[in-house]
Structure formats: structure tokens, C-alpha cells
Amino acid sequence: MTKADGGEKKETTASSPIPPGIRVAPSPHLSDTGSTTRRMMLDVLIGLVPVLAVAIFVFRWYAVVQVGLCVLCCLATEALCARMRRRPVPLDDYSAALTGVILGLSLPWSAPWYVAVIGSVTAIGLGKVVFGGLGYNIFNPAMVGRAFVMLSFARELGASAFVLSEAKLEVLTRATPLSLAKQSEAVPDIWALLVGTVNGSLGETSAIALLIGGLYLVCRRVISWEIPVGIVVAVLLLVELGHLAHVTPLGPLQHLISGALLFGAFFIATDPVTSPMTSKGKLLFGAGIGLLIVLIRLFSGYPEGVMFAVLMMNSAVPLINRWTIPRPLGMSSKQDTEMS
């Protein structure tokens, strides 16, 4: 081939039409254009309305200040981080507001103002922005902020911080149900746990409100039912074994509606960014959270274990996704193993 021929060939190749780009992706290939991030976040906020209403009814002004301060600080941190990165401020997707509401509801009524501020900055800054923003974080941002302030301010967030002996509200003069069971083997009243007339973090007291909000999200298909079911089934089975072995004075139902278990099962563990993608993976993820909750509640010094359980299982999500990759139709198990 001569040099001239080569030049002519290059010219012909350069002037040839570019083939159309084809995007190759696994099924399904249908998408719901109405299911946006903003719509999903708004649905979760709507689902939290009954929980927030009960929190305000039980804890009055304390709940308004705590949740409001967390939301404002999360929004401010999100805006500041976006400006520092020279990116548009993404406050209109409601993700920062939702993080603030969940963080505020996970705190006790007595948490000082600086705990809410530091927790909010940590949740957005270290829990989301450092990973690249919404959709890239591997840990639930609200639980990152909650864990940071819990470990940093143990006195302000410990069991004794929930109780105020001279409080005007009677509910604030009693310890949380799980703390009572841990210390004196007292069995809490089931009706009080259902309606929310017990002490605890702002968003964990009423099982009825949590079930209403959670079922709304399931019906709206905002969250996957597999995760709450995995958590609930694992907790019921393991607590029943512990109750029969006299490890805990509380029965399965009392453990289920006490503390932050339902709050975590419906509103925290179901975060689509930090949970598995497959149905099997979601069931495994939920069962793992339920197992860790029971182990922490029964055998550690902490009366509650939802926060730590969710964060530990968040770290296992990439491995769960790898384990539960669905096998394509017609592929043998040997081919599946070679590809993985």
C-alpha cells in the first residue's frame, strides 16, 4: 500500500458517517418519568407527618425546636458545600430537608442545640458530600450524624439525658422503655408503646404513627417491602429465642414496638442509595439489621442498636449486591461464577 493510498484511506475513513450510538443496559428498559428524586423525598416527608405530629403532641415545643434546627442546619450545610464545590445548590430535591427531619426525630428531646448543629453538619458534610453528593454515599447520612454526636456527647445523649425529674410533662419524668427493661426488667405497657405516651427519641415513641407512615411509603412504592419484612421477621424470631432463654424480659411484640426499630425499618434502612438493589439482597440486608439489633439490645451496654446495625449493614451492601446478582436466562452456574 502506497503512502498516497494510505492517506486516501484515512481521508475516506474520517469522512465516513459515524454509526449511531447504542446504549447497552440490562432489562427492564421501561422507566417511570414521574418517579423523581424530589417526588420520592416528598413522599417520605409526607410519611413522616404522623410521626412528627405525635412527637409534637408528646414533647411539645422540644420537638419543634429540635427538628426545625436540624432541618435549617442541614439546608445551610448543603448550600455551603455546593457553593464551595461551585455547583448549583440542590435544595429543591428535598434530600437535605429529609436528612434534617430524620436526624431531628432520632435525637432525644433534651439534646442541646449544639448537638443538633454538629450532627447536621456531620450528616451532610461527612455523610454525603465527601462521597460526591446524593447517590454516591455508602452510609445513611442521618445515621452518620447521629453516630458522631452520640459518641462525641455521650453524657448529653445517654440514658439519663432523657429523664427530667422536675419536668412539667409527665412523660419526661420516666426512663425509656428499653432502658427500664435493661436496668430493672420492667415490662412496658403495650398500649403506651402503640400510641406514643412513653419517653424516648422524638420519632420512636408511637408504633401506630410509624406503621401508618411506613405503610403509606410501601403503598406508594417509595420503599421496598423486603427490607422492613426482613428486619421484623428476624427480630421476632431471635427475640422469641432470647425470651424463652430468659435473656430478655420483653417479648417479641414489645421489642418490635419499642425504641427506634420501626422508625429504622421504614424510614432509615430503606434508603435506596445505601441499601441493596436486588430483592434477595434486600431481604438479606433487612435480616442482617434485625440480627444486629437483637445482639446489641440483648448483649451490649446499649439499650438500643438500630443506628449501629444500619451503619454496619450499609458497609456490607456492595458485597450483598455482588452475592445476589441475578443469573441471566440460559447461563450456567459455572459461567455465572466465572463472570463474578
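**Two loops and a helix pair**

Author: Tyr94 sits in the loop between helix 4 (61–84) and helix 5 (95–106). Helices here are DSSP runs (H or I, at least four residues), numbered from the N terminus. The model is predicted: local features need pLDDT of at least 70, side-chain atom pairs count only at pLDDT 80 or more, and totals for chains, interfaces and linings use all residues. Residues are numbered from 1 along each chain as its sequence is written, and side-chain values use heavy atoms, leaving out hydrogens and water.

Reader: What is the phi of Tyr94?

Author: Tyr94 has a positive phi of about 65 degrees, although it is not a glycine.

Reader: Why does Tyr94 count as partly exposed?

Author: Buried means under 20% relative accessible area, exposed over 50%, and partly exposed in between (1.4 Å probe, protein chains only). Tyr94 counts as partly exposed because its relative accessibility is 26%.

Reader: Where does His246 lie?

Author: His246 is in the loop between helix 12 (226–244) and helix 13 (252–256). Its phi is positive, near 60 degrees, and His246 is not a glycine. His246 has 71% relative accessibility, so it counts as exposed.

Reader: At what angle do helix 4 and helix 5 pack?

Author: Axes are lines fitted to C-alpha atoms, for helices over the stretch in contact, and angles run from 0 to 180 degrees between N-to-C directions. Contact means heavy atoms within 4.5 Å. Helix 4 and helix 5 pack at about 145 degrees, with axes 7 Å apart.

Reader: Which residues make the contact?

Author: Among them are Cys70, Val71 and Cys74 of helix 4, and Ala97, Val101 and Leu105 of helix 5.
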